[in-house]
Amino acid sequence: METCFEVKDLNLYYGENQALKHLNLTIGRNRVMALIGPSGCGKSTFLRCLNRMNDLIENCRITGEIHLLEQNIYDQKMNVVQLRTKVGMVFQKPNPFPMSIYDNIAYGPRCQGVKEKKLLNQIVERSLKSAALYEEVKDRLHDSAMALSGGQQQRLCIARAIAMEPEVILMDEPTSALDPIATAKIEELIEQLKKTYTIVIVTHSMQQASRVSDDTAFFLLGEIVETDKTLTIFSKPKDKRTEDYISGRFG
Ligand SMILES: Nc1ncnc2c1ncn2[C@@H]1O[C@H](COP(=O)(O)OP(=O)(O)OP(=O)(O)O)[C@@H](O)[C@H]1O
């Protein structure tokens, strides 16, 4: 298995409060890694470390290393803007820009200097196809993205990330605001996307973790208690605390 992320002794502090403690984790390339654990255990905080989104939070201090394909992303020489194009992110609540479907997707490439209409058209079509949205919107690309359903908006946000040709897509509870049908579509999409991208997904749903992920890491109070193949975590966890959590005894 090729390694995408290698996390080494990662610690994160919000002021005095240590939110992540001595994390070590390997995330395989072209795999889906689910992060599970009770509320407040640090899953989202950890996810944000993977594209340095925590840099934007005041009072947040990080020690340790995270290597993305052998490059330490916390190295002073790291170009953070470039990092965030390589490591895209999709949030809990779909957040399309208040502009047309087309412009939502073309926004990132345009910021990178792509001006040629034909090339932009190709990027928009390819990204929407990869996000399994093209057929639903191909006749209204210039309509506002805000008129799409929640599930369509979330796939648009995934298409927007894809347009940047990322290596990784981070997803922070991407279906928690969606109905079961829209959720099923996103889950199917994740299965498709992992052929091309590495996906790290925070989820509160154990069913979702077992349906979509190859590997799972169980977080508790800022630590990773256990990580393994998802099948193993859900059938033969090694740690009693993992077993208690997945069997619904707490959390
Ligand atoms: N911006 C912040 N400033 C200070 N403390 C924070 C900040 N964000 C998160 N925390 C704290 O860090 C800890 C971990 O929070 P985090 O949101 O990462 O947990 P989580 O596992 O993702 O929770 P949930 O499942 O409820 O989303 C919590 O104690 C939280 O209060």
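How are helix 3 and helix 4 oriented to each other: roughly parallel or roughly perpendicular? The tour of this predicted model starts there.

**Stop 1: helix 3 and helix 4**

Select residues 101-111, which form helix 3, and residues 117-130, which form helix 4. Their axes come within 9 Å and cross at roughly 115 degrees. Angles of 65 to 115 degrees count as roughly perpendicular, so helix 3 and helix 4 are roughly perpendicular to each other. The crossing of this pair is right-handed. To display the contact, pick Tyr 102, Ile 105, Ala 106 and Pro 109 on helix 3, then Leu 120, Ile 123, Val 124, Ser 127 and Leu 128 on helix 4. Coloured by class, the contact residues of helix 3 with helix 4 come out as eight nonpolar and one polar, with no charged residue.

**Stop 2: helix 3 and helix 6**

Helix 3 and helix 6 pack with their axes 8 Å apart, at an angle of about 30 degrees. Angles under 35 degrees count as roughly parallel, and helix 3 and helix 6 are therefore roughly parallel to each other. Their crossing is right-handed. On helix 3, select Ile 101, Asn 104, Ile 105 and Gly 108; these meet Leu 156, Ala 159 and Arg 160 of helix 6. The contact of helix 3 with helix 6 has four nonpolar, two polar and one charged residues. Ile 105 is listed in the contact with helix 4 and also in the contact with helix 6.

**Stop 3: helix 6 and helix 7**

Helix 6 makes the contact with Gly 150, Gly 151, Gln 154, Arg 155 and Ile 158, and helix 7 with Ala 182, Lys 185, Ile 186 and Leu 189. By class, the contact of helix 6 with helix 7 divides into four nonpolar, three polar and two charged residues.

**Stop 4: the ligand**

Which residues surround the ligand? Select Tyr 14, Ala 19, Gly 37, Ser 39, Gly 40, Cys 41, Gly 42, Lys 43, Ser 44, Thr 45 and Ile 57. Helix 1, residues 43-49, gives the most to this shell, with three residues. The shell has four nonpolar, six polar and one charged residues.

**Stop 5: the annotated range**

Finally, select residues 5-246, which UniProt lists in an unreviewed entry as "domain: ABC transporter". Over this range the chain is 37% helix and 27% strand. A distance drawn between the end C-alpha atoms of the range reads 25 Å.

Key. Residues are numbered from 1 along each chain as its sequence is written. This is a predicted model: local features need pLDDT of at least 70, side-chain atom pairs count only at pLDDT 80 or more; totals for chains, interfaces and linings use all residues. A residue is near a molecule or strand if its C-beta atom, placed from the backbone, lies within 6 Å of it. Helices (H or I, at least four residues) and strands (E, at least two) are DSSP runs, numbered from the N terminus. Ala, Val, Leu, Ile, Met, Phe, Trp, Tyr, Cys and Pro count as nonpolar, Asp, Glu, Lys and Arg as charged, and the others, Gly among them, as polar. Axes are lines fitted to C-alpha atoms, for helices over the stretch in contact, and angles run from 0 to 180 degrees between N-to-C directions. Angles under 35 degrees count as roughly parallel, over 145 as roughly antiparallel, 65 to 115 as roughly perpendicular and the rest as oblique. A crossing is left-handed if the near helix is turned anticlockwise from the far one by less than a right angle, and right-handed if clockwise. Two residues are in contact if their C-beta atoms, placed from the backbone, lie within 7 Å. UniProt positions are given in the numbering used here, feature names are shortened, and annotations may be inferred rather than shown by experiment.
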